[in-house]
Amino acid sequence: MALNNSFPHYDVFKKYFDSCQNASLYEFVQKNEEYIIKNQEPCGDIAATWNKFYKNAYRCYYNSDNLPKSSKKVNWGSLAIQILKNQNSSRESHTSHSSTTASASSATPTSESFKTSSESASSSSTAPMITREFLTKFKNTYKNMNNRFKWTLPSGLKVEDELFKYGIGCDHEDAAHSFILDTSNPIWLKKFDEPDWQEIMGKNKVELDVVDSRIATYLESFLGKHSFKELMEQARSTHFDPINDFDMDWAQSTIETALKLYPTNYFPLTDQTESDILKRIWIFIEKAFDNLPVVVRSGEMESESSRDRRNLDNLNENTKRHGHRADLLIKESHNEFGFCEAGKDDHDSEGTKLKMLKDMLWSLSSSFPESKGFIVVGIIISGLKISTLLMDRPSPYICRIFKTTPLYFPTNVEEFAAKMGSIIHLVLQIKHIINKTYKETQPKIIRPITIVNSNHLGVHPLPPCPPTPKSKHKKSRTSQAPSNTRS
């Protein structure tokens, strides 16, 4: 197979091979560092991705499987950090991060290093204001942590300590109050040095796997076709077995269904509801999981994990609190692996989404304490934009969140092939993560019977999310019925 313009990153590989004397991956990366940083998915495995691209390109260009070995190794960690910095460059905070009047005890870290506007990211003004009661619970959670089990970085800093120092300086609820390390928050890039960041990003590394080569080749076959007729003919030129070749059949069906939106002049969006957007544009998402032993439930489904956490301290059976709700809930029995939330814009608060993900991780960690590889997924749709949140647990007390760069549904057939191909890639990568998490819940050993607490939640070394602080002036209205919204 010759290197041709359908090959991923054809131009940059051809230019390099045409000009080099002794080709090597190290030299290729050195000469094309900016290009790789620009074109690498932040949550993807940069080393595995570009190793595969390079090996395939080398084989095609030189018609040889004998890749020369190089004594020099690529510093992938440094590139990964630069990718993250570029991703966050546009997310710098515009308002200062204010501190509360409450102070930590002399035995606990202070928030001094986080109080200047130049060194901190602001809490979202849409998030609830923190209260004295909320802050007390936050301090107690921190004080109950065993120093031995904290996540200690190469510099000696402990992640839990830094989240606590940041949290006590916030005036609104933040992910730090749930001990969630948001890797997209610019403040952490400034706080931690490069060795610390390599540890933060690399420990039990979260990766978006490269999709099957057959699917990649199939999607690339649409490139260069820019009319409805060409694209539809290509989609219908091959048929796949929906049972034995499910993903290929799903990809083909997804492309056909999406193409049918253009003759009906469905774009641009006007007065479509959130339900319209999910059922007409993004319907293929829930169908992608049909061959997995999980179910996808729609219609503002309540999360059991969230409900269980919200009722931890509630002993009154008559006033049970409801859990967070999602447009799509991906689950198996009582185990929840992810959700999809659809909206028309980006104005919804992210805090609830992060807490719902941690609720799922908290529940899975309780039910399967011997399993360490859980990753839960939040799919966020804002009109024609899709992005994902990936949460894992790299240490006993900490949950870590990664965010993928957004992709956009194509509004015209001219840009359909590239944009739709990228979206299909993403959904299949998310599917693979959910399938791996599901497999982690399947019995591998004979487990002895143990005694659990009265609400059957067992022992939780992972601290649950704190209840969302409630403003005093809202108490009279919310006390009449269980809350279905935040917390």
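Two strands pair if DSSP finds at least two bridges between them. In this predicted model, strand E6 (residues 385-395) and strand E7 meet that condition, with five bridges in the antiparallel sense.

**Overall picture**

The protein has 487 residues, and 49% of them are buried. Its secondary structure consists of 18 helices and eight strands. Of the contacts between residues at least 6 apart in sequence, 72% join residues at least 24 apart. The pLDDT averages 83, and 82% of the residues score at least 70.

Two stretches score under 50. One covers residues 115-123, where the model has 25 contacts beyond four places in sequence. The other covers residues 453-460, with eleven such contacts. Where pLDDT is low, the predicted coordinates should not be read in detail.

Strand E7 spans residues 398-403, and six of its six residues are buried, so the strand is largely enclosed by the rest of the structure. In a regular strand the side chains alternate between the two faces of the sheet. In E7, Ile398, Arg400 and Phe402 point one way, while Cys399, Ile401 and Lys403 point the other way. Residues on both sides of E7 are buried.

E7 has E6 as one partner, and a hairpin of two residues joins E6 to E7. Serine 395 has isoleucine 398 of E7 as its bridge partner. Strand E1 (residues 180-182) also pairs with E7, running parallel to it over three bridges. Across that pairing, isoleucine 180 stands opposite cysteine 399.

Helix H1 covers residues 10-19, and its buried residues are Tyr10, Val12, Phe13, Tyr16 and Phe17. The cover over these residues includes helix H2 (25-31), helix H3 (33-39) and helix H4 (46-62).

Proline 128 sits in the loop between helix H5 (76-88) and helix H6 (132-143). Is proline 128 buried or exposed? Its relative accessible area is 13%, so proline 128 counts as buried, the cut-off being under 20%. Proline 128 and lysine 470 are 342 residues apart in sequence, yet their C-alpha atoms are 7.3 Å apart in space.

**Salt bridges**

A search of the whole structure finds 17 salt bridges. The table gives three of them.

| Glutamate 133 | Lysine 137 | 3.8 Å |

Glutamate 133 and lysine 137 both lie in helix H6, four residues apart, which is about one turn of the helix. An α-helix has 3.6 residues a turn, so residues three or four places apart point the same way. Glutamate 133 is exposed, with a relative accessible area of 55%, and lysine 137 is partly exposed at 36%.

Glutamate 304 and arginine 307 are three residues apart in helix H15 (residues 304-310). Glutamate 304 is partly exposed, with a relative accessible area of 24%, and arginine 307 is partly exposed at 31%. Elsewhere, salt bridges that share partners join Glu162, Lys165 and Lys191 into one network.

**Glutamate 302**

Glutamate 302 belongs to strand E2 (residues 295-302). Beyond four places in sequence, glutamate 302 touches Arg307, His322, Gly323, His324, Arg325, Leu329 and Glu336.

Definitions and conventions: Residues numbered from 1 in each chain as written. Predicted model: local features only at pLDDT ≥ 70, side-chain atom pairs only at ≥ 80, totals over all residues. Heavy atoms only, no water. pLDDT = per-residue confidence, 0-100. Contact = heavy atoms within 4.5 Å. Buried < 20%, exposed > 50% of the residue type's maximum accessible area, 1.4 Å probe, protein only. Salt bridge = Lys/Arg side-chain N within 4 Å of Asp/Glu carboxyl O.
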